[in-house]
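Hi there,

Here is the structure I promised to hand over. Please have a look at it first, and then read on for what I found in it.

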Amino acid sequence: MNLLIIIVFFVLMVMTGVAMYSVPLLSRSGTFFGTTVSSEFRTSDDARRIVSRYRQSVIFTTAAEIVATVVIALYLQIKVFAIVVISAAVIQYAVGIAALVDANRRTRPFARPKPSSSRSASLVPQRRTLPGGTLLLVGPLFIMVSVGLMVVSRRTLLLAETYKAAMAGVIVGTLSSGLLVAVAWIGVFRTRQGSANGSAGTQSESRKLGYFILVFLAYGFALQNAALSLLTSNIVTNPTARRFGVFSIVALTVLGAMVCIVYFQFRAKKLAELAPSENNRSDGTPDECWKWGFIYDNPNDPAFLVEKRIGYGWTLNMGNKWSWVFSAAILATPFVIRFLWFRN
Amino acid sequence: MTKGPSVSIDVNSPLPVYRQIADSVRHLLVEGELQPGEQLPPIRQLALDLSINFNTVAQAYRILADEGWVELKRKRGATVLNRRQPAAPAKARRQQLLQRLRELTAQLRAEGVPSREIASHLEALAAEIKESIIPRRIEEK
C-alpha cells in the first residue's frame, strides 16, 4: 500500500474531525448550534452538556474511522481500501451532521425570546470596503488566468487530449475559485448590515472572518487546479517538482486550513469577550426559518445570502428562487464540463 | 459604529409597510434630521435590512418622490431635495387630511389609549408646530 495515500487520508480524517470538533466555537457567540441565545448561555452547564454530547459523537466516529482505515490498509488491496475509506468518510460526515441536528434540537428550548414584530434599519448609506483590498480578492482569478495563458501558449506542443485535460483544470479552478470570490464579494456588498445603529459603516468582525475564509478557500482551489494543469501540460518538467508539486500544495492548503481553524477558535473567544454588542446583535433572521440550524428557508426574506449561524460566512436563503437556480447551476457545472469539454 | 437617522416598521401593524416607511422618512425630513443633498440607502439595501420586498421600499420612495421630498436615481438610491414650501392644498384635500387626523384620534381612543394622554400628545405636537412656524416666518422676511 502506498504510504503517501494513507498519510493523505489520515490527515484529511483528522482535519475533518478537528473541524467538526470546533463547530461550537466557529460561530458568533450570539448563536449556539444555529439558535439565537444570550451571550452568557455559552458558559452555562446546559451549554456544556450539549457541547460534550456533540463532541463525544465526533471523537468516537473519527477515532473509529482512523482505526478502521489503518487496520484495513494493512490487509486490503488499494481498490478495496479506497471504497472503505470513502464509505468511512461519508459515515463520518453523516454522524457529524446528525450530531449537529441533535445539538440544535437540544438548544431550541434555550432560544432567546422571539423579537417583536418591529424592525429598524439605518438610513445612513453604507460605505463598505473589501477587507484586504481588491487585489487580494482577485488574486485567485489572476492565478488561473495566468496558468490558462501558459497552457494556451503551449497548445501546438501538446496532444489534443493532454491539452483538453490541462484546460479542464484551468476551467474547474477558475469556476470554483470564481464562485468563492463572487460569494465573498456579494457577502460584503449585497447582504444585510445587521442592525439599525450597529455595523452600518464598518464590517463587523464575524463578517470579516467569513470573508477571509472564503478568500482562503478560493486561493486553495486556484493553487491546486493550477498545479494540476501545469503538471498535465508538462510546463513543470523538474522530476522532484512533478512528484511533490501537487502533494505539497494540497498539504500546505490542509495545513493552512488547520492553522486557520485554531486561529479562528482563539479569535472567536476574543470576539466573545471584546464585543458583547456584536454578539448580541440580531442577524435579522427568525429562528424558526433555520432548519437544523444550518439551512435557511424564508420566502418572506428578499435576501439571497444571509450570515451563517454555524460557522462564519454566508449561506443561501433557500426561500429565494435564485438560490435554487444558483444551486442547480453549481450541481450542473461538473456535468456540463464533462459533456461539453470531453465530448469526443 | 455609525449612528444616525433610522427607519422603523411594524410588520404586524394594520398600516401597510410602504406607508410606515414613507411616514417615518417624511417625519425625519420635516424634523430636519435628513438635510437636502443627503443620500438615502438604495432600495435593495433598505429592503434587505428590513427583510421586506424590494417593491415595498420602492413604493415608499415613489410616494416621497411624488411629494417632492426626494429625487430617485437608478442604483444610487434617493437624494433628499431642497423642497420648497408647497402651496396650501385645496379645501377638499385639507378636509380629507384633517378628517384622517380625527379618525386617527378616534382609533387611539378605540384601542384604549386614555383621552388625557392623547390630548397631551396633541398639545405637545401643536407646541412643536408653533415653534417651527416662528423661525420660518423670520427666514421668509
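Leu3(A) sits in helix H1 of chain A. With a relative accessibility of 58%, Leu3(A) counts as exposed, because the cut-off for that class is over 50%. Before going further, please keep in mind that this is a predicted model.

Leu3(A) is part of a nonpolar patch on the surface, together with Ile7(A), Phe10(A), Val11(A), Val67(A), Val70(A), Val71(A), Leu74(A) and Tyr75(A). The accessible area of these residues together is about 880 Å². Helix H1 (3–21) and H2 of chain A each contribute at least two residues to the patch, and H2(A) gives the most, with 5 residues.

Phe60(A) also lies in helix H2, which covers residues 45–75 of chain A. Is Phe60(A) buried or exposed? Phe60(A) is exposed, as its relative accessible area is 65%.

Next, the confidence values. The predictor gives the complex an ipTM of 0.72 and a pTM of 0.78. Chain B averages a pLDDT of 84, and 86% of its residues score at least 70. Within chain B, confidence is highest in helix H3 (residues 54–66), at a mean of 93, and lowest in helix H5 (residues 115–140), at 76.

Now to the salt bridges. There are 10 of them over all chains.

- Arg48(A) and Asp45(A) meet through their side chains, at 3.1 Å from N to O. The two are about one helical turn apart, because they are 3 residues from each other in helix H2 of chain A. Asp45(A) is exposed, with a relative accessible area of 52%.
- Asp287(A) pairs with Arg309(A), and their closest N and O atoms are 2.7 Å apart. This pair links distant parts of the chain, with 22 residues from one to the other. Asp287(A) is in the loop between helix H8 (276–280) and strand E4 (290–291) of chain A, while Arg309(A) is in the loop between strand E6 (305–307) and strand E7 (314–316) of chain A. Asp287(A) counts as buried at 14% relative accessibility, and Arg309(A) is buried as well, at 0%.
- In chain B, the side chains of Asp23(B) and Arg26(B) form a salt bridge at 2.8 Å, N to O. Both lie in helix H1 (residues 17–31) of chain B, 3 residues apart, or about one turn of the helix. Asp23(B) is partly exposed, with a relative accessible area of 25%, and Arg26(B) is also partly exposed, at 23%.

Beyond these pairs, Arg53(A), Asp102(A), Arg105(A) and Arg106(A) are linked in a network of salt bridges.

What about the aromatic residues? The structure holds 9 aromatic pairs over all chains. In one of them, the rings of Trp292(A) and Phe294(A) have centres 6.2 Å apart and planes at 50 degrees, so the pair is tilted. Trp292(A) is partly exposed at 40% relative accessibility, and Phe294(A) is partly exposed at 25%. Trp292(A) is found in the loop between E4 and strand E5 (295–296) of chain A. The backbone of Trp292(A) has a positive phi of about 60 degrees although the residue is not a glycine.

Phe33(A) has a positive phi too, of about 50 degrees, and is not a glycine either. Phe33(A) lies in the loop between strand E1 (31–32) and strand E2 (35–36) of chain A, where Phe33(A) is buried, with a relative accessible area of 3%. Phe33(A) also belongs to one aromatic cluster with Phe32(A), Phe41(A), Tyr54(A) and Phe110(A).

Finally, two contacts between a charge and a ring. The charged end of Arg55(A) sits over the ring of Tyr21(A), 4.0 Å from its centre. In chain B, Arg44(B) lies over the face of Phe54(B), at 4.4 Å from the ring centre.

Conventions. Residues are numbered from 1 along each chain as its sequence is written. Chains are lettered from A and ligands numbered from 1 in the order in which they are written. This is a predicted model: local features need pLDDT of at least 70, side-chain atom pairs count only at pLDDT 80 or more; totals for chains, interfaces and linings use all residues. Side-chain values use heavy atoms; hydrogens and water are left out. pLDDT is the predictor's confidence in each residue, from 0 to 100. Helices (H or I, at least four residues) and strands (E, at least two) are DSSP runs, numbered from the N terminus. Buried means under 20% relative accessible area, exposed over 50%, partly exposed in between (1.4 Å probe, protein chains only). Patches are made of residues with over 30% relative accessible area and no salt bridge: like charges are joined within 9 Å, nonpolar side chains (Val, Leu, Ile, Met, Phe, Trp, Tyr) within 5 Å. Accessible areas come from the Shrake-Rupley method with a 1.4 Å probe; for residues, only the protein chains shown count as cover. A salt bridge is a side-chain nitrogen of Lys or Arg within 4 Å of a carboxyl oxygen of Asp or Glu. Rings of Phe, Tyr and Trp (its six-membered ring) pair if their centres lie within 6.5 Å; planes under 30 degrees apart count as stacked, over 60 as edge-to-face and the rest as tilted. A charge sits over a ring if NZ of Lys or CZ of Arg is within 6 Å of the ring centre and within 35 degrees of the ring normal.
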